[in-house]
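Reader: I've just opened this structure and I'd like to learn how to read it. Could you walk me through a few features, one by one?

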Amino acid sequence: MSIAIAIDGPAGAGKSSLSKEVARELSFIYVDTGALYRTIGLAASRKGISMDDKDGIVSLLDEIEVKLAFNDEGTQIVLLNGEDVSGYIRTPQASMYASAVSAIPEVRAFLLDLQRNMAKNDNVIMDGRDIGTVVLPNAKIKIFLTASAEKRAMRRYKENIEKGIDVSYEDVLKDVNERDYNDSHRAIAPLKPAEDSITVDTSDYDFEGSKNLLLKVIRERM
């Protein structure tokens, strides 16, 4: 029987990077649900559809196909109508679009079956905002991964600088706080810990320490 591990938490908590490494250590398949929402946001952005234009975004769903796949190097990529858009969905604009489109019920329904089917036959680690509460409510292990807004903003700021993205720490912190508010106050599947989840706070840990902490929590419950 397959094992599903659900990892939820706010933007910038390191869910994607940590989940990817933990999945590799455990030989699980990593499912980056945030990339799926970012991809729909990218499609809307490319069409010139505003983040506030719910009807425009919903109408776009009939025109797009989103898939997670693996390239020749074994790295997971996300495909938009067959195009590898992995390099285009990690910008601040993509983050804001992802937050906006993820609050639309039709978008969530569009991606729900895709996410659940991935967990039916394989051992998976899936991260997002509502994996333990909505997508995989019966997951064997549920974790709420978090860190202070200041720590998360600093991590994201450093990532952007390393990628050559010109942005200030203050602007990144503002975006983090704004996204936290939007994600936790939306009407559909708001960000919150599942009742049976374990909270893991990585504010005082570097990446390696956070990974080891996460592995320890998971292994104790497997």
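Predicted model: local features only at pLDDT ≥ 70, side-chain atom pairs only at ≥ 80, totals over all residues.

Reader: What is the phi of asparagine 81 near?

Author: Most residues other than glycine have a negative phi. Asparagine 81 has a positive one, near 50°. You'll find asparagine 81 in the loop between β4 (76-80) and β5 (83-84). Those labels come from DSSP runs, numbered from the N terminus: helices are H or I with at least four residues, and strands are E with at least two.
Serine 27 also has a positive phi, near 60°. Serine 27 sits in the loop between α1 and β2 (29-32) and is exposed, with a relative accessible area of 64%.

Reader: OK, on to sheets. In what order do the strands of the five-stranded sheet come?

Author: Strands of a sheet pair through backbone hydrogen bonds, either parallel or antiparallel. Two strands count as paired if DSSP finds at least two bridges between them. The five strands here make an open sheet in the order β2-β6-β1-β7-β8, with parallel pairing. β2 and β8 stand at the edges with a single partner strand each, so one side of each has no neighbour in the sheet. From one strand to the next, the twist averages 25°.
For a close-up, take β1 and strand β6 (residues 124-128), which pair in the parallel sense over five bridges. Alanine 6 stands opposite methionine 126 in β6. Helix α5 (residues 105-120) packs on this sheet, touching β2 and β6, and its direction makes about 155° with that of β6. Contact means heavy atoms within 4.5 Å. For the angles, axes are lines fitted to C-alpha atoms, for helices over the stretch in contact, and values run from 0 to 180 degrees between N-to-C directions.

Reader: And how are the strands paired in the three-stranded sheet, parallel or antiparallel?

Author: Antiparallel: that open sheet has the order β3-β4-β5. β3 (66-70) and β5 are its edge strands, each pairing on one side only. Five bridges join β3 to β4, and valine 66 has leucine 80 in β4 as its bridge partner. Here α2 packs on the sheet, touching β3, β4 and β5, at about 35° to the direction of β4.

Reader: Now helices. Which residues are buried in α8?

Author: An α-helix has 3.6 residues a turn, so residues three or four places apart point the same way. In α8, the buried ones are Tyr169, Val172, Leu173, Val176, Arg179, Asp180 and Asp183. Seen down the axis of α8, they fall within an arc of 130°, so they line one face of the helix. The arc is that of the directions from the helix axis to the C-beta atoms. Glu170, Lys174, Tyr181 and His185 are exposed on the other side of α8. Among the elements covering the buried residues of α8 are α2 (33-46), α4 (92-101) and α7 (149-162).

Reader: How many residues does α9 have, and what distance does α9 reach from its first C-alpha to its last?

Author: The expected span of a helix is 1.5 Å times one less than its number of residues. Helix α9 (residues 207-221) has 15 residues and reaches 22 Å, close to the 21 Å expected. At the start of α9, a side-chain oxygen of aspartate 206 comes to within 3.4 Å of the backbone nitrogen of glutamate 208.
Leaving out residues up to four places away in sequence, serine 210 touches Leu18, Thr202 and Tyr205.

Reader: Last one: is threonine 146 buried or exposed?

Author: Threonine 146 is buried, with a relative accessible area of 15%. Threonine 146 is found in strand β7 (residues 141-146). Beyond its neighbours within four places in sequence, the contacts of threonine 146 include Pro10, Ala13 and Thr199.

Key
Residues numbered from 1 in each chain as written. Heavy atoms only, no water. Buried < 20%, exposed > 50% of the residue type's maximum accessible area, 1.4 Å probe, protein only. Polar contact = N/O pair within 3.5 Å; in protein donor to acceptor, adjacent residues only side chain to side chain.
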